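Dear colleague,

I am handing over the structure below, and after it you will find an account of what came out of the analysis.

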Amino acid sequence: MSEHHPTVVCADPDDAERAATVEALTAADLDVVGAATVAAVDAAVDESVDCVVTAFSFPDGDAFDVVDAVRLAHNDCVCILFTDESPSDLPRGRPDQVVEYVPRSIPAARERLADVVALAAAESTHAAFPVPDREKERLAAVRGYDVEALAAEETFERLTALMTTHFDIDVAFVGLVDEHEERFVACEGANWRTLAREDSICTHTILSDELTVVEDTHEDPRFAANERLDDLDIRSYAGARITDGAGNALGAVCCIDDEPRSYTAAERADLRRFADEVEEQLSLRRRLGAGVT
Amino acid sequence: MGQRHDGRYTFAGTPLNPVDPGTNILVAGPILDGTRETALRLLAADSADGIVVVAADTSAGEILTGFDALDCDVSGGRVRVVDCNRADDEGLGESVTAVSSPADLTGIGIEYSGQYEELYARGYDAVRTGIYTLTPLLVFSEDVRSVFRFVNIVTSRIRTADGLGVCVIDPEAHDDQVVGSIAQSFDGRVDVRGGDDGPEIRVKGLPDQPREWTPMR
């Protein structure tokens with residue numbers, strides 16, 4: 001089995017400086033791509049990139065423009081500022097542009113950078129959302145559920161259609177939470193395919209086995225500034241986590257409405273029953289697909 | 001690869017047992033009931049370790065005075081502070097850096113990393129990080145997702161560098177759901193309350209620690 005080497009984009013407009021940094025990172029068993037401009041970083045970054053190391057000043061922008069370009073393409077990507085400019089001399093970025101930093105002024109700076117990058121690229125997250133315990137195991141479990149291959153879509157579509165009438169809501173869906181986004185495997189009342197994990201309320205639902213009910217997204221500090229929810233007319237939410245037999249959180253079964261609303265104890269119990277049905281369908285179909293009786 | 005800190009972090013003079021390198025602890029309690037003293041004790045417990053404190057709820061001077069009251073030697077640049085309120089820190093030297101506001105998460109992150117690297121360059125491969133407290137970061141932030149990212153970056157650095165994280169939050173200042181989501185980035189939680197004879201703690205999520213309310217000393 002071939003060993004995975006983290007992929008790093010090294011951005012520096014100075015050819016000699018960039019070459020020296022690329023050499024140090026390559027010596028640390030990292031796969032390194034060089035970039036001399038913000039535009040080159042923009043072209044080089046996708047979800048396969050684990051880390052971006054950036055100088056501060058570029059002919060076409062600065063490090064915060066690099067961060068914006070990186071997070072547009074890969075929102076959770078590790079970004080490390082590597083510069084000899086003093087932090088107090090740098091302009092301040094926006095709160096969402098927070099990055100790691102290694103000063104180029106410290107002794108053996110490139111060797112230290114290589115250490116920080118190697119560890120961060122392999123083990124860190126710069127995600128703008130809470131990451132569950134045992135996330136690697138959870139993601140491996142989610143990858144095991146190919147809903148299309150399990151021929152469960154029609155069943156889930158019937159269930160979500162039933163949910164919209166039962167709860168008198170705009171939208172009901174079954175979503176699986178992947179590494180970077182939530183994937184809607186059945187969605188009644190809207191034509192949603194995916195939603196970035198930092199924008200998804202289910203990101204929080206999968207943290208707990210308790211139901212997540214958000215009666216008004218505008219009044220909940222976790223979601224009040226989330227414009228994407230407004231774009232999708234998501235004003236109220238109720239979600240129940242679905243897990244596999246080992247307890248890994250796969251995603252959630254959810255109710256959405258475009259107005260604030262509450263859910264009675266009976267409605268919450270019914271939502272849990274719908275989620276139990278989805279869990280059971282996934283488990284049964286996976287066992288059948290594997291030839292287990 | 002970088003030098004790793006093989007020894008466990010110890011907490012002499014407190015009821016906490018040692019924890020593994022790379023552990024992040026959330027200290028939750030009302031700020032007036034001994035929570036600051038508790039956090040500073042956990043940070044100051046080993047004179048061989050470097051310390052970086054992000055002072056969001058107080059000034060760098062107050063943090064250094066607090067360490068001094070615990071007989072923690074802050075000389076020689078071993079203790080470094082990022083002051084998030086640009087308080088009157090003149091005369092505290094280069095071990096204190098400042099940002100203008102707890103809302104400047106990017107500035108705090110860069111100054112924190114700079115101070116961490118300064119300690120590393122001085123030979124401290126065991127570094128204890130304190131954030132006192134997360135509450136202003138959340139209160140001043142327009143979008144809590146930026147705070148999630150900041151906390152993930154700081155706790156990731158602590159975990160990968162085999163450091164120790166001691167981050168304080170006042171749970172009464174936030175919705176339970178927000179505290180619960182923030183707590184996800186931490187390995188364990190130390191609850192603090194005021195007792196008749198000083199602060200008491202109980203620990204969740206970490207092995208071999210006091211589960212019931214126990215006096216800090």
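A:R273 is exposed, with a relative accessible area of 55% (buried means under 20%, exposed over 50% and partly exposed in between, with a 1.4 Å probe and protein chains only). In this predicted model, local features need pLDDT of at least 70 and side-chain atom pairs count only at pLDDT 80 or more, while totals for chains, interfaces and linings use all residues. Residues are numbered from 1 along each chain as its sequence is written, chains are lettered from A and ligands numbered from 1 in the order in which they are written, and side-chain values use heavy atoms, without hydrogens and water.

A:R273 forms a salt bridge with A:D270, their closest N and O atoms being 2.6 Å apart (a salt bridge being a side-chain nitrogen of Lys or Arg within 4 Å of a carboxyl oxygen of Asp or Glu). Both residues lie in helix α9 (residues 265–289) of chain A, 3 residues apart, about one turn of the helix; helices here are DSSP runs of H or I with at least four residues, and strands are runs of E with at least two, numbered from the N terminus.

A salt bridge of 2.5 Å, N to O, joins B:R145 and A:D199, and this pair crosses between chains, from helix α5 (residues 144–160) of chain B to the loop between β10 (194–196) and α7 (202–205) of chain A. B:R145 is buried at 12% relative accessible area, and A:D199 also counts as buried, at 12%.

Over all chains, the count comes to 33 salt bridges.
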